[in-house]
Amino acid sequence: MRRLMLLVAALLLSGCGIPATGVIESGDPATGVRPMALLYFITDDRLIPVGREVTDPADTDAVVAALLTGPDMRDRLHGLTTALGRVPTPAISTNGAEVSLQLSAGTESLPPIAARQLICTAAAARMSDDPETLATGVTVVVTGPGGQRTRGTSHGCPTLAAVQPVASPTGTPRQ
C-alpha cells in the first residue's frame, strides 16, 4: 500500500510529462485592433466613406486633418477625389451632439460637396467619441471666414445614416 501511495504521489508531482521551456522568440508581439476613422471622399459627385487607420478615431481635429491631406494613392486608383483642395485645418469645437468648424481667414467659399465632406467626416469622428450621439445624430456647422454658415447632420451622410442604436425588448436603445 505504501508503494502504491508513493507511486501515485510521484505521478502527481511529475505533471503531464511536457518539459518546461523558456521564452520562445517567434516574431513580433501580437497587436490589437487598429483604430479606424471614416473619411469622406468623392466619386461621381457623391460621397464615399473610406476607413483610414488613425491613432485616435475620436479625435475630431486629427480626423479632419487626415481628410484635408486628401485621398492616398490607393484611393486615387479607385477614382476617389476631394473638393477640399487647399483648405487649412479649421478650428474645431464640440458641444454634446454639435460640432463647429471655423474656417480660417483667406479660405475660399466651399462648394456644397466640400462642405458635406467636412460635415460627414466631423460627424463620424464625433459619433466615435460620444456613442450617446448615435441615438440623436450629430449636427455640424461649418462657418466660413465671411460668417457664411453651412449646417448638416450625420443623418445625411452615407453609412452614418444607417447607424442606429438597436432597441432592446424593453424599448430602450442599447449600443
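Let's start with disulfides. The count here is one, taking a disulfide as a pair of cysteine sulfur atoms within 2.5 Å. The partners are Cys120 and Cys157, with their sulfur atoms 2.1 Å apart. The angle about the S-S bond is -95°, a left-handed link. Cys120 sits in helix α4 (residues 112-129) and Cys157 in the loop between β6 (149-153) and β7 (166-167), so the bond ties together parts that are 37 residues apart in sequence.

Before going on, the ground rules. This is a predicted model, where local features need pLDDT of at least 70 and side-chain atom pairs count only at pLDDT 80 or more, while totals for chains, interfaces and linings use all residues. Numbering runs from 1 along each chain as its sequence is written, and side-chain values use heavy atoms, with hydrogens and water left out.

Are those two cysteines buried or exposed? Buried means under 20% relative accessible area, exposed over 50%, and partly exposed in between, with a 1.4 Å probe and protein chains only. Cys120 is at 2% relative accessibility, so it counts as buried. Cys157 is buried too, with a relative accessible area of 2%.

Now the overall layout. The protein chain has five helices and eight strands. These are DSSP runs numbered from the N terminus: helices are H or I with at least four residues, strands are E with at least two. The order is α-β-β-α-α-β-β-α-α-β-β-β-β. Buried residues make up 34% of the 175 residues.

Next, strand β5, residues 139-143. Four of its five residues are buried, so β5 is largely enclosed by the rest of the structure. What does β5 pair with? Pairing here requires at least two DSSP bridges between two strands. Strand β4 (residues 98-102) runs parallel to β5, over five bridges. Strand β6 pairs with β5 in the antiparallel sense, also over five bridges. Take Thr139 in β5. Opposite Thr139 stands Glu98, and its bridge partner in β6 is Thr153. β5 and β6 form a hairpin with five residues between them. Gly147, in that turn, has a positive phi of about 90°.

At the other end of β5 is Thr143. Thr143 has 11% relative accessibility, so it counts as buried. Its contacts (heavy atoms within 4.5 Å) include Leu101, Gln102 and Arg149. Val140, in turn, touches Val99, Leu101 and Ile119, among others.

That brings us to the cores. A nonpolar core is a set of buried Ala, Val, Leu, Ile, Met, Phe, Trp, Tyr and Cys residues joined through side-chain atoms within 4.5 Å. The largest has 29 residues. Among the members touching the most others are Val64, Leu118, Val140 and Val142. β1, β2 (46-53), α2, β4, α4 and β5 each supply at least two residues. Which element gives the largest share of this core? Helix α4, with seven residues. A second, separate core of seven residues includes Ile42, Ile113, Cys120 and Cys157. There is our disulfide pair again.

Last, helix α2, residues 60-68. Its buried residues are Thr60, Val63, Val64, Ala66, Leu67 and Leu68. Their cover includes β1 (36-43), β3 (91-95), β4 and α4. Just after α2, Gly70 takes a positive phi of about 90°.

Definitions and conventions. Lists of a residue's contacts leave out its neighbours within four places in sequence.
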